[in-house]
Amino acid sequence: MVVEGLMNVFSDPLVILFIAIGVIVGIIFGSIPGLTATMAIVMFLPVTYTMTSTQGISMLIALYIGGISGGLISAILLNIPGTPSSVATCFDGRPLAEKGQAAKALGVGVVFSFIGTVVGVLLLIVISPLLAGLAIKFGPYEYCSLAIFSLSLVITLSGKDLVKGLIGAIIGALLATVGLSPIDSRQRFTFGSADLTAGFKLLVLLIGLFAVTEVIKYAGQVRKPEKIEIESGVKMKGIGFTAKEFFSQIFNCIRSALVGVGIGILPGIGGGVSCMISYTVAKNSSKHPEKFGTGIIDGVVASESANNGTIGGAMIPLLSLGIPGDPATAMLLGGLMVHNVSPGPLIFDKNGAVVYGIFFAMILSAVMMMIFMLVGMRGFIKVLNIPKNLLLPAIVVLCCIGAIGDSNRIFDVWGVLIFGLLGFGLLKAGIPSSPMILGFILGPMFEENLRKASQLASSDSAFRHPIFFLFMIVTVIVVFMSLRSNKKAAQAENSIASE
Amino acid sequence: MEYKKNLFPGIVLTIFSIIYLVLTSQIKKFSGLGSDPLGARAIPYLWGISLLVLSIILVVRGIKQRTEAIKNNTYIKTQLNIANTIKENREIVMTFVSLAIYIALLEPVGFLIMTAIYLFVQTLILTPKEKRNYIVTFITSIVIAVALDYVFVCLLNVLLPLGIFGF
């Protein structure tokens, strides 16, 4: 299977071409503030419909890796993170650029993004078969508790405002109840419509929430444009930093990448959180924490290794359990389903070649990402000037094609519009949309397995399932600890406010 | 102003969750062979009731913030003026309307024509008045529409609505 996967990727010149295109487009999307890796995947999904599964999935993966990596360009040059994953790159990347060392900051960012990706992929290759092997023994009890555990992470991820985070998750779960119920196929909330009987599609929800909402947000700012000045005089020479600097960062890089992978594995928490946590960890364990924020490469390394490590981490639960780690992997989940690859514990048996193909495509994308960004940096900087008023309408049309092409019905395009409206409303109300995706995916998983477990309860007691109890105990601990840390954070904020 | 972000969504979600719960009670039960003790209503009830509780918390929070704002004299009385709101956010409203018209006419008129028109209109909406260039926008819209149609229909074999004109 490994060899077959390798052959699938490297023996087909089209796959390599699609990966190259994917990486370049991904970097562009990542570098333009307001366009994200998720949007790049949304946009290119219809392009992959008629490709083979290896071609299509490789391209989507390349877009993901390029998209997360491209964010560092605008973080360093504009002080605006191109994607949420590069928030922490601004802290030290921008001061470096102000000191006239933009090329060094960019070089460090690119090279350590590459290393972060590779560390993430290696861990993905090691951990996902093990996790899939374990998950194959999971029954309704285990899946039910896994869903509860994953949903409980919403509490950690919603930060200060727990109520709104939970509301987001429940709205997602509510939307997923439309259609036929699991097990007994009852019609729920269908109002007699044949289209509603099939329920809402994950893809349609994601396109509406992440693409249409972005266009509407932009429409709200047409008359108040932000002035952005771009330094276009940056010259890249080689990688921009010395071998000594490289070796001094190895430990920092590995630790940050591991933080990134660890956070990526947890469902729903993406690169935005991982780069912040990794930056804090690097600062707290550094010998010179006072220099952080003044423009040292340690900060850029911590942020960029971590957010790229998150890519591999987020793929682990996606492939072996079918639970995406962040919105971009939720989009990939949609992409995998379009190509008839169903993620879950059986993926290594059923689609082994495709999975190993994914691993090789990730490594190839990482290599291409590094080469393209080092060689073509000037080009990517120029693209930052692309007028968004021309780009966004084209993205909307591509999203509509994506929605139509999946199952050939206009109903889904209406769904995109409605979810775009919903996404905008939630944005205005301050309700986060990431928990919603998690609720939409985990809600049905929870229901189906809870109801199966309720059928089993009389013959097969829950006490015979240690993993079920393990998950429940971990859930209680996670909920308790994150409630406590949220409370502490709120108290700290109040005390600052009252002073 | 913070209370508005809690009070208004709270009220909307409360109403929504009540409607959802009423609809849940109308789901037909199944009690034949292979049925489960929980049935098709249990989980929607769980979500609906959770949402109701959370929305009420939001409403209560909003009311508290509002009374506090009135006490501290930071409360600004605003009158809901629909015409003004629409005027203030006209680009957003127009984006929605044009997208809705695009989707509605996509099937009867066809992908190519509607896409060209939509791209033209949407680009103009997203461009500030003083920077609008009708001719350039018109040409780019047609070029992009034709290119998309060619790539998807001819190269990628994706089925798109043809419309009455057959293209």
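Chain B is divided into domain 1 (4–78) and domain 2 (85–155), bounds that come from an automatic or database domain assignment. The centres of domain 1 and domain 2 of chain B, taken over C-alpha atoms, are separated by 37 Å. This is a predicted model, in which local features need pLDDT of at least 70 and side-chain atom pairs count only at pLDDT 80 or more, while totals for chains, interfaces and linings use all residues. Residues are numbered from 1 along each chain as its sequence is written, chains are lettered from A in the order in which they are written, and side-chain values use heavy atoms, with hydrogens and water left out.

**Nonpolar cores**

A nonpolar core is a set of buried Ala, Val, Leu, Ile, Met, Phe, Trp, Tyr and Cys residues joined through side-chain atoms within 4.5 Å. Buried denotes under 20% relative accessible area, exposed over 50%, and partly exposed the range in between (1.4 Å probe, protein chains only). The largest such core has 187 residues, and A:Tyr64, A:Ile73 and A:Met315 have the most contacts inside it. At least three residues of this core come from each of domain 1 and domain 2 of chain B. Apart from this core lies another, of seven residues, including A:Cys275, A:Tyr279, A:Ala282 and A:Phe292.

Contact means heavy atoms within 4.5 Å. Not counting residues up to four places away in sequence, A:Tyr64 touches several residues, among them A:Ala37, A:Ile41, A:Ile311, A:Met315 and A:Leu332.

In chain B, B:Ser17 has its place in helix 1 (residues 4–25); helices here are DSSP runs (H or I, at least four residues) and strands likewise (E, at least two), numbered from the N terminus. B:Ser17 is buried, with a relative accessible area of 0%. Its contacts, leaving aside neighbours within four places in sequence, are B:Gly48, B:Leu51, B:Leu52 and B:Ser55.

**The interface of chain A and chain B**

Here 61 residues of chain A are in contact with 65 residues of chain B. The buried area, that is, the accessible area (1.4 Å probe) that two parts lose on being put together, summed over both, is about 5,400 Å², and carbon and sulfur atoms give 78% of it. On the side of chain A, the residues that lose the most area to chain B are A:Leu174, A:Phe189 and A:Arg223, together 11% of what that side buries. Six residue pairs are in polar contact across the interface, both residues being at pLDDT 80 or more; such a contact is a pair of N or O atoms within 3.5 Å, one able to donate a hydrogen and the other to accept it, and residues adjacent in sequence count only if both atoms are side-chain atoms. Helix 19 of chain A gives the largest share of the side that touches chain B, twelve residues.

**Salt bridges**

A salt bridge is a side-chain nitrogen of Lys or Arg within 4 Å of a carboxyl oxygen of Asp or Glu.

| Salt bridge | Closest N and O atoms |
|---|---|
| A:Glu245 with A:Lys104 | 2.7 Å |
| A:Asp195 with A:Arg409 | 3.5 Å |
| A:Glu214 with A:Lys217 | 3.5 Å |

A:Glu245 in helix 11 and A:Lys104 in helix 6 of chain A are 141 residues apart. A:Glu245 is partly exposed at 22% relative accessible area, whereas A:Lys104 is buried at 18%. A:Glu214 and A:Lys217 both lie in helix 10 of chain A, three residues apart. A:Arg188, A:Glu447 and A:Arg451 are linked in a network of salt bridges.
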